Structure formats: structure tokens, C-alpha cells
Amino acid sequence: YEETESEAQQVAALKAFPLAKGLEPFTVLEPVARLSNARLKPASNDWLAYQSNVSGRSEVYLTRFPRPGAKYQVSQTGASQPVWSRDGKKLYYLDSSQKMIAVDIQTANDSVQIGVPKTLFQTGVRSSIFNEAYDVARDGRVLVVNSMTESTAPVVLVTNWDAELKK
């Protein structure tokens with residue numbers, strides 16, 4: 001979870017809350033951007049993907065979890081909303097122009113190898129959607145949830161439609 005001193009702050013501390021009795025919450029990363037979209041690598045939960053704007057613009061990074069070490073910058077031209085593939089071998093994110101990017105990630109112990117980012121497609125994700133605008137299915141297909149399209153087609157609103165069923 002993220003913890004800030006006040007709503008006006010644009011940075012936060014990323015903390016973890018242990019589920020075992022008697023353990024106290026601890027700081028994982030500080031500072032990170034508010035709305036860091038932190039995601040643990042599936043299955044192993046030993047790597048954390050997150051976004052931070054501490055460099056001046058939002059970028060996607062990786063670090064170890066629960067005790068971070070080196071921070072590895074995944075994106076280079078602005079990015080947000082990292083999401084792991086279900087097998088933890090790819091990381092998806094939105095670049096600064098809202099294109100869906102996929103990059104292969106190989107982790108071993110305390111090191112990481114980041115592949116060449118590949119543009120998949122242009123999304124219609126609104127820039128005002130800061131988190132959870134999409135998800136990745138088990139087979140790697142991407143489901144974009146919060147998007148917009150432009151159309152001149154009229155919108156038809158049907159009311160009282162259930163009355164027609166009773167006839």
C-alpha cells in the first residue's frame with residue numbers, strides 16, 4: 001500500500017503489510033510516485049514492478065521484494081501501469097502516448113535481464129485513468145477495460161425493455 005503525509009504530496013512510501021500475526025508493516029520503497037501501480041511477479045512474488053516519477057516523469061522500474069536492492073528502469077520514454085504476464089516472463093505497460101508495450105523479463109537471484117520493448121498496439125486508454133486500465137489474460141491477450149473511441153453513430157437507449165419480454 002502507499003502512504004503519504006498529505007493528499008497534496010505527489011510522492012509516497014510503498015509499504016507492505018505482513019499477514020502473519022505480530023509483524024508490523026514495513027517500508028519497501030521510498031519515495032515512489034503516488035499511484036505507483038506496484039505489482040508483484042506472479043508465482044514467485046520476489047520481484048516488484050512499479051512506476052515512479054522521481055526522475056521527473058513517470059517510468060516503469062523493477063526491484064526485488066520484499067527487500068529491494070538495485071532498481072532497474074524498464075521504460076525509457078515515459079510509462080505507466082505495469083502488469084506482469086501470468087507466467088512472469090513479460091511485463092506490459094503503457095508508454096507516454098498510450099501505446100501498449102511488452103518486454104521480456106528474465107530474473108535470476110538478484111539480477112534481471114530486460115529485453116527489447118515491443119509496441120503491440122495503440123490503446124484508447126484515457127490519460128485520466130491512472131491505474132488498472134487493462135489486464136493480461138493467461139494466454140497473453142490484453143484486455144483494455146477503460147478506453148474511449150470516437151464515433152458519430154447515435155447512442156440508442158432502450159428503457160422498459162423487460163415489459164416487451166412479458167408480451
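**Before you start**

Residues are numbered from 1 along each chain as its sequence is written, and side-chain values use heavy atoms, with hydrogens and water left out. Because the model is predicted, local features need pLDDT of at least 70 and side-chain atom pairs count only at pLDDT 80 or more, while totals for chains, interfaces and linings use all residues.

**Stop 1: the whole chain**

Show the protein chain as a cartoon. Its secondary structure comes to 1 helix and 14 strands; helices (H or I, at least four residues) and strands (E, at least two) are DSSP runs, numbered from the N terminus. Of the 167 residues, 32% count as buried. Here buried means under 20% relative accessible area, exposed over 50%, and partly exposed in between (1.4 Å probe, protein chains only). Among contacts in the chain with a separation of 6 or more, 32% are between residues 24 or more positions apart; a contact means heavy atoms within 4.5 Å.

**Stop 2: an open sheet**

Select β4, β5, β6 and β7. These 4 strands form an open sheet in the order β4-β5-β6-β7, with antiparallel pairing. β4 (39-40) and β7 (72-73) stand at the edges with a single partner strand each, so one side of each is left without a neighbour in the sheet. Two strands pair if DSSP finds at least two bridges between them. In general, strands of a sheet pair through backbone hydrogen bonds, either parallel or antiparallel.

Next, color β5 (residues 47-52) and β6. These strands run antiparallel and are joined by 6 bridges; Ser52 has Glu59 in β6 as its bridge partner. The hairpin of β5 and β6 has 6 residues between the strands, and Gly56 there takes a positive phi near 115°. On to β7: β6 (residues 59-64) pairs with β7 in the antiparallel sense over 2 bridges, and Tyr61 has Gln73 as its bridge partner in β7.

Stay with β6 and show its side chains. How many of its residues are buried? The strand is mostly covered, with 6 of its 6 residues buried. Glu59, Tyr61 and Thr63 point one way, and Val60, Leu62 and Arg64 point the other way.

**Stop 3: a cis peptide bond**

Follow the chain out of β6 and select Phe65 and Pro66. A cis peptide bond joins the two, with omega about 10°. Pro66 lies in the loop between β6 and β7.

**Stop 4: strand β8**

Select Ser80, which is found in strand β8 (residues 79-84). Ser80 counts as buried because its relative accessibility is 15%. Leaving aside neighbours within four places in sequence, Ser80 is in contact with Gln51, Ser58, Val60, Tyr93 and Leu94.

Gln81 is in strand β8 too. Gln81 has a positive phi of about 55° although it is not a glycine. Most residues other than glycine have a negative phi, and most peptide bonds are trans. At 4% relative accessibility, Gln81 counts as buried.

**Stop 5: Thr123**

Move to Thr123, in the loop between β12 (118-122) and β13 (134-136). Is Thr123 buried or exposed? With 10% relative accessibility, Thr123 counts as buried. Not counting residues up to four places away in sequence, Thr123 touches Leu94, Gln98, Lys99, Met100 and Val144. Thr123 and Met100 are 23 residues apart in sequence, yet their C-alpha atoms are 6.5 Å apart in space.

The side chain reaches the backbone oxygen of Gln98 at 2.5 Å and the backbone nitrogen of Val125 at 3.3 Å.

**Stop 6: towards the helix**

Finally, select the loop between β14 (142-144) and α1 (161-165), where Val156 has its place. Val156 counts as exposed because its relative accessibility is 69%. Asn160 is in the loop between β14 and α1 as well. Asn160 is exposed, with a relative accessible area of 54%, and its phi is positive, near 55°.

How values were computed:
A polar contact is a pair of N or O atoms within 3.5 Å; within protein, one must be able to donate a hydrogen and the other to accept it, and residues adjacent in sequence count only if both atoms are side-chain atoms.
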